[in-house]
Amino acid sequence: MRKHALLAAVGLAVSATLAATTQAGALGATAGNVLTTGSAAGTAVAVGDVLSASLSTGTKARIATTQGGSSGITCNTSAFTATVTGNPTAPGTATETVTAHTLSSCTTNIVGATGVQSITVNNLPYSTAVVSGGSLTVTAGAAGPIQTTLKINSILGLMTCVYRAGSLTATPSNTDNSLTFTDQLFTKASGPGTCPASGWFTAKYGPVQDVSQAGSPSVFVN
């Protein structure tokens, strides 16, 4: 009896060890980086790769004068470019540097305004942190605060309105490889009294693609 019990115990121990080893191997096989291409379990995005995205099909970028309001500026074209500076194993925080952000083909329905001459994103590059299963946060870089200069034509002449934000937060989605900013607050830093006091930025970009790789594959956040 003792011999049989001992053999049974050894058998159970071996089985448990094999199960644990198999499980660890499976976890190791599926472990990936915060940013991947092709799929959530795809190839890790390399440090130095350039990511880019334009507005998602059928969407527009908007800067409202009040949160969720209908008055403001609407842009038909917008895009950003960022360079990956860190991409650790998930869960973790990937980092990027935003090197370009443009908005164009813009119109306005602000009272007294007759058109939008230009919108310029200042003080680039910005810093970006992408948290596993969470959000993307944009913060100022060494050049200065997050800042946007709007040149708006009005019945009183050209208005130059400068707005700043402490940080910006966006939500990534692996469903369509998009990045959505919703009601991100900019506060007027300078400009005449005819410039709105605030601007609330909303835009959806996607698909975000790794343009450094052949075929520009879509980027997933893990």
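1. Cys-161 and Cys-195 form a disulfide, with 2.0 Å between their sulfur atoms. As for where the two ends sit, Cys-161 is in strand β11 (residues 157-165), while Cys-195 is in the loop between β13 (178-190) and β14 (198-205). That makes it a link between distant parts of the chain, 34 residues apart. Both ends are buried: Cys-161 has a relative accessible area of 0%, and Cys-195 has 4%.

2. How many disulfides are there by this rule? The count comes to 2. The other one pairs Cys-75 with Cys-106, sulfur atoms 2.1 Å apart. Its torsion about the S-S bond is 105°, and the link of Cys-75 and Cys-106 is right-handed. Cys-75 belongs to strand β5 and Cys-106 to strand β6 (residues 93-108), so the bond ties together parts that are 31 residues apart in sequence. Cys-75 and Cys-106 are both buried. If you number the bonded cysteines in sequence order, the pairing reads 1-2, 3-4.

3. Now the confidence, before anyone sets up a calculation. The mean pLDDT of the protein chain is 89, and 86% of the residues score at least 70. The part to watch is residues 1-30, where the pLDDT is below 50. Beyond near neighbours in sequence, that stretch has 0 contacts in the model. Where pLDDT is low, the predicted coordinates should not be read in detail.

4. On the overall make-up: the protein chain has 1 helix and 16 strands. Of its 222 residues, 36% are buried. Taking the contacts with a separation of 6 or more, 62% are between residues 24 or more positions apart. The chain exposes about 11,000 Å², and carbon and sulfur atoms supply 59% of that area.

5. Which residues have the most contacts inside the largest nonpolar core? They are Leu-35, Ile-73, Ile-119, Phe-181, Phe-201 and Tyr-205, in a core of 45 residues. Strand β5 (residues 72-86) gives the most to this core, with 5 residues.

6. Leaving aside neighbours within four places in sequence, its contacts include Ala-61, Arg-62 and Ile-63. Ile-73 also touches Cys-106, Thr-107, Thr-108 and Ile-110. Val-116, Ile-119, Leu-150 and Ile-152 are among its contacts too. Two of those names have come up already: Cys-106 is bonded to Cys-75, and Ile-119 is listed with Ile-73 among the residues with the most contacts inside the core.

7. Asn-177 is a polar name to check. Where does Asn-177 sit, and is this residue buried or exposed? Its place is in the loop between β12 (167-173) and β13, and at 10% relative accessibility Asn-177 counts as buried.

8. Some backbone points for your geometry checks. Most residues other than glycine have a negative phi, and most peptide bonds are trans. A cis peptide bond joins Ala-90 and Pro-91, with omega about -5°; Pro-91 is in the loop between β5 and β6. The bond from Leu-124 to Pro-125 is also cis, with omega near 5°. Pro-125 lies in the loop between β7 (113-122) and β8 (126-131).

9. Asp-183 has a positive phi, near 50°, and is found in strand β13. At 23% relative accessibility, Asp-183 counts as partly exposed. Ser-216 has a positive phi near 45° and sits in the loop between β15 (209-210) and β16 (219-221). With a relative accessible area of 22%, Ser-216 is partly exposed.

Note on methods: Residues numbered from 1 in each chain as written. Predicted model: local features only at pLDDT ≥ 70, side-chain atom pairs only at ≥ 80, totals over all residues. Heavy atoms only, no water. Core = buried A, V, L, I, M, F, W, Y, C linked by side-chain atoms within 4.5 Å. Buried < 20%, exposed > 50% of the residue type's maximum accessible area, 1.4 Å probe, protein only. Helix = DSSP H or I, 4+ residues; strand = E, 2+ residues; numbered from the N terminus. Contact = heavy atoms within 4.5 Å. Disulfide = S-S within 2.5 Å. pLDDT = per-residue confidence, 0-100. Areas by Shrake-Rupley, 256 points an atom, 1.4 Å probe, with all protein chains shown as cover.
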